[in-house]
Amino acid sequence: MSTTLADAYLDRLPVELLFHLLNFLDTQTILLSFRYVCQRFYLISNVYNQYEFNFQSCTKSNFNRFCRILCPENILSLSLSDDDQTPGQISLFLTKFNFKQFENLRSLTLLDIENINLNVILKDLIDLKLNSLTIRSRTLCTWSTETLTCLSTFLEHSSLKQFTLSIWCFEIYEFVWPRQCQIEYLHISNRLTYEQYCSILDRCSMLKTFIVKDVLWNDTSIMQINQYRQLKSLTLEDNRMDIYKLEQFLSLTPTLTYLKVIGMAYLIDSYRWEKILRIKLPNLERFEFFFLSWKNVNYNFSDIESLIRPFQTSFWLENKHWFVNCDYIINPMEVMLYSLPICKSYFQYHDQSNKISCSNTSQFQIDSTMMNQVTELRLNLVKTMFDGDQLRKVNRILLSKYCYLSLTFSRWNSYLIHYFVV
């Protein structure tokens with residue numbers, strides 16, 4: 001009786017309130033469940049205009065079913081993919097729809113897209129009011145000059161605010177950045193030349209956040225006199241500059257409030273970092289880093305402590321409240337110096353018997369709060385000896401974060417798998 005009354009009441013809710021409730025449901029639930037509850041819900045699902053379609057892992061049968069149902073003007077966000085799980089999806093989508101039909105589209109993601117399809121789509125996007133665009137080309141896929149020109153034209157004439165680009169490295173060097181654009185967030189998963197980096201900042205006066213793999217420059221490059229004060233956040237995902245070049249490089253953007261640097265051994269110059277941050281980046285509020293060094297040297301605790309000592313000053317602990325950890329991994333021999341929480345998306349977890357650790361805070365321990373940004377946790381069960389308690393601890397981290405686990409093990413210790421079974 002009570003269930004019947006509740007159903008009847010839900011069926012009589014105002015359309016505006018039902019729209020609000022639908023915002024908390026995923027598209028598949030709306031179209032395959034809610035839609036078929038009653039005739040009124042069927043009609044409401046037809047006019048609901050906040051759909052977010054992600055076809056990246058969609059089966060072909062569901063893809064065809066959704067394409068028959070969806071109304072282009074009701075789509076707010078769309079993700080299409082031509083990866084190995086859904087090959088040919090974008091081409092098939094283009095046989096059913098023209099992007100000019102998606103007049104209310106605000107976010108578009110195109111993964112592993114081929115040149116011919118991107119060329120077609122870019123020409124149709126020019127009249128749309130996109131806020132966010134993500135493009136990832138197929139590996140080794142070559143983009144034509146026409147496609148690169150279309151992309152440049154689109155960026156110049158659109159109101160785009162967020163742009164993520166991942167293309168074959170040779171194409172990024174040939175891409176001519178538009179004279180002006182309104183982008184505020186830019187993520188380029190490639191290495192740029194120093195000249196390209198400066199050109200982008202010259203032409204993107206609204207740019208606040210810039211994420212790039214690395215910036216390449218040599219001694220023949222002309223160091224810019226200009227400073228780019230619009231930029232507030234900078235991330236270098238695989239930095240190859242040494243500490244001296246990086247210091248000069250950061251002089252270009254003195255108003256940064258956030259900096260992330262992931263790089264190799266030549267950045268482990270503990271004493272120099274405080275000087276750089278004090279002088280070059282006086283407004284910095286948050287500094288994240290992860291530096292890795294492979295050395296065929298046997299370190300002891302005193303050696304690791306010496307790397308941490310420069311981070312125990314009042315500047316790090318009292319003024320900034322920035323915490324740092326250093327691990328010496330015995331097998332294989334490597335040194336990891338990193339800020340806390342861990343700022344990498346993947347992290348190799350080692351048991352205590354295989355490492356020497358030292359931190360500038362006595363409160364440090366690896367737990368879920370220290371791994372908020374980690375989406376892939378790696379464990380090598382062959383080279384190190386985990387016991388049951390340690391593996392249960394790792395499992396608790398996984399359960400709290402739902403991150404991806406990568407295991408390396410041999411036949412003799414395969415029984416350890418049961419510690420990761422939920």
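Predicted model: local features only at pLDDT ≥ 70, side-chain atom pairs only at ≥ 80, totals over all residues.
**Reading backbone, burial and ring features**

Reader: Which other residue has a positive phi although it is not a glycine?

Author: His321 is such a case, with a phi of about 60°. His321 is located in the loop between α14 (314-319) and β11.

Reader: Is His321 buried or exposed?

Author: Here the other cut-off is needed, as exposed means over 50%. The relative accessible area of His321 is 52%, and therefore His321 is exposed.

Reader: Let us return to strand β3. Where does this strand run, and which residue lies in it?

Author: Strand β3 covers residues 107-113, and Thr109 lies in it. Thr109 is classed as buried because its relative accessible area is 17%.

Reader: Which residues does Thr109 touch, leaving aside those up to four places away in sequence?

Author: With those sequence neighbours left out, Thr109 touches Leu78, Ser79, Leu80 and Thr134. For the protein as a whole, consider the contacts with a separation of 6 or more: residues 24 or more positions apart account for 70% of them.

Reader: Which peptide bonds are cis?

Author: The general idea is that most peptide bonds are trans. Here, the bond from Asn331 to Pro332 is cis, with omega near 0°. Pro332 belongs to the loop between β11 (323-329) and β12 (334-340). The bond from Leu340 to Pro341 is also cis, with omega near -5°. Pro341 is found in the loop between β12 and β13 (346-349).

Reader: How many aromatic pairs does the whole structure contain?

Author: A pair of aromatic rings is described by the distance of the centres and the angle of the planes. A search of the whole structure gives 35 aromatic pairs. One of them joins Phe97 and Phe102, an edge-to-face pair with centres 5.8 Å apart and 70° between the planes.

Reader: What arrangement do Phe99 and Phe102 show?

Author: Phe99 and Phe102 form a tilted pair, with 5.5 Å from centre to centre and 35° between the planes. Phe99 and Phe102 are both buried, and Phe97 is buried as well.

Reader: Which aromatic cluster includes Phe97, Phe99 and Phe102?

Author: These three belong to one aromatic cluster whose members also include Phe19, Tyr48, Tyr51, Phe53, Phe55, Phe63, Phe66 and Phe93.

Reader: Which residues lie over the face of a ring?

Author: For such a feature, one reads the distance to the ring centre. Arg35 lies over the face of Tyr42, at 4.1 Å from the ring centre. Lys344 lies over the face of Phe290, at 4.6 Å from the ring centre.

Note on methods. Residues numbered from 1 in each chain as written. Heavy atoms only, no water. Contact = heavy atoms within 4.5 Å. Helix = DSSP H or I, 4+ residues; strand = E, 2+ residues; numbered from the N terminus. Buried < 20%, exposed > 50% of the residue type's maximum accessible area, 1.4 Å probe, protein only. Phe/Tyr/Trp six-rings, centres within 6.5 Å; stacked < 30°, edge-to-face > 60°. Lys NZ or Arg CZ within 6 Å of the ring centre and 35° of its normal.
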